[in-house]
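Hello,

Here is the structure I promised to pass on to you. Have a look through it first, and then read my notes below.

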Amino acid sequence: WELFPGYCSCARDVAAAFPSMARIIGTRLNERPELRQSILQGLNLLILSQQSLKANVLPPGANTLPLTGEAKAALDTIAQFAKNFLPLLFSVHQVEPPHKRRALQETIASFASISPAALLAEFSRSVLKKVLLEGTKEAGSPSPVAAQCALLELLIALVPSLEQEILGLLWRAVRPNLMHTEEPLQKKAYKTLAAIAVHHQSFVQERLLELRTGIDEAMDACHTASKRKRLVCMQAVLGQLTRSQLEMLLPSVIGEVVLATREPSVKTRAAAFDLLLHLAELAQRTAIGDEDKVQALKSMLMVVTAGLAGKTPHMVAASLHALARLLFQYRSRPALIPYSVQLFETVLTLLQHRAQEVVRAVIVFVKVLLSSLPVEALEPLLVKLVPPMLAWCNNKHSHLKTQVRYLMERMVKRFGFEAMQQATPEAHHRLLTHMRKAKERARRHVEARLAAKSHANGGGHGKGVELHAEYEALIEEEQGSDADCAQGADMEWADTAG
């Protein structure tokens, strides 16, 4: 049975051999749990491999190559046994532990793709009834939530092959779960809606108002653990909209997406950034020419920039993080440089904000744009950046002091000591002196180590050593600079910040 998937991946006699093997496969699948993974993998490969066999000639008026005669006969033969395998797979799915269900769901989806529509509708209605019955059970019943989640996983596997009528019933069944008090059911409801949106664009466009209302109503009831699934669901729905529909929804959606970029969960933040970048791509999708794309991107940035006028520090900080991510993503667009510089100058005024959360976000924004914008565009703004930033360097804000020191080191490397000395207040010149001395010490340290290595090797370098000498010197310089700063910077920094 471990060889079964290999035979299925390149079978050429499916139409003749499968009818005699179907009963044996079903019996082993039901009675031998240790063989299930191999059998499921084989059945899945059997269907997928036959679906990949295409004819060499494109018929007139067709957009895709048709199946070969042999593949069509094989799939028709397997589809005749769908009425036997689907109930068996459903039963096995419900008794298997969650971590072993992925192979079952993939096999169910493969069988559903070749099953008759009437059969699939009958099975879907049956599963939907069980979902609703489990929802009416009392809390004392044995794990009704787990049973509902397992049934919803079955329906998610069937979604790509369902018709519009069944999709409507499924949406009505899962809509209340978007506001359910149980977090697992919320997750499955969002996952179900995301699957519908990905595979059925027409359903989303026809019921956009209903879907939008359901998602908006569920926002306040969304559990923290369900926010990532909610963002993924929103991305799937928004990705199927026309340009006019997207422009209508964007102002109401962007606020939630921006706030999600400050969630504690790393995965939720990643989902928020994914959706943010996806919205930017959608805004440019229907634009014609580079100028229209840049204008569409600027419109998107202006919508996010509106959050800088938010009433809470949390909203302002989240908007800064969102803007930094967008500008970093499109840093290679020269047409955005003037807008980015103007926005950079505007953000510098927030260094005088009272909330440390906002100031930390400004420092992150500055750090990103220092690496994204050209030197000649940023150098005139150093006078507006350095003094208010150094104002936060005192013993009351030690965490900000470390971040500012790091930024000062980067700016010295990028703009040079002379430019930084002109922009730095006189009270902080000792910091620049310390940084210059630390760099000199690191350079002498590297030279001494290279000289020692050269002497130990008999006064010469091999060809391979010479090839990488410059790179090694750069790495050692960085390490030496970090070590010197760690040893001596705190004392002199305290003096300059005093």
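**Helix α5 and its surroundings**

The buried residues of α5 pack against α2 (14-31), α3 (36-51), α4 (69-80), α6 (102-114), α7 (117-136) and α8 (144-158). This is a predicted model, where local features need pLDDT of at least 70 and side-chain atom pairs count only at pLDDT 80 or more, while totals for chains, interfaces and linings use all residues. Residues are numbered from 1 along each chain as its sequence is written, and side-chain values use heavy atoms, with hydrogens and water left out.

Helices here are DSSP runs (H or I, at least four residues), numbered from the N terminus. Those buried residues (under 20% relative accessible area, 1.4 Å probe, protein chains only) are Ala82, Phe85, Leu86, Leu88, Leu89, Phe90, Val92 and His93.

**Helices α10 and α13**

The axes (lines fitted to C-alpha atoms over the stretch in contact, with angles from 0 to 180 degrees between N-to-C directions) of α10 (residues 183-199) and α13 (residues 227-238) come within 8 Å and cross at roughly 15°. That makes α10 roughly parallel to α13 (angles under 35 degrees). The contact (heavy atoms within 4.5 Å) involves Lys187, Tyr190, Lys191, Leu193, Ala194, Ala197 and Val198 of α10, together with Lys229, Arg230, Cys233, Ala236 and Val237 of α13.

**Glutamine 240**

In the loop between α13 and α14 (243-260) sits glutamine 240. Glutamine 240 counts as buried because its relative accessibility is 13%. Apart from neighbours within four places in sequence, glutamine 240 is in contact with Ala197, Val198, Gln201, Val204 and Gln205.

Best wishes

Note on methods:
Helix = DSSP H or I, 4+ residues; strand = E, 2+ residues; numbered from the N terminus. Parallel < 35°, antiparallel > 145°, perpendicular 65-115°, else oblique. Buried < 20%, exposed > 50% of the residue type's maximum accessible area, 1.4 Å probe, protein only.
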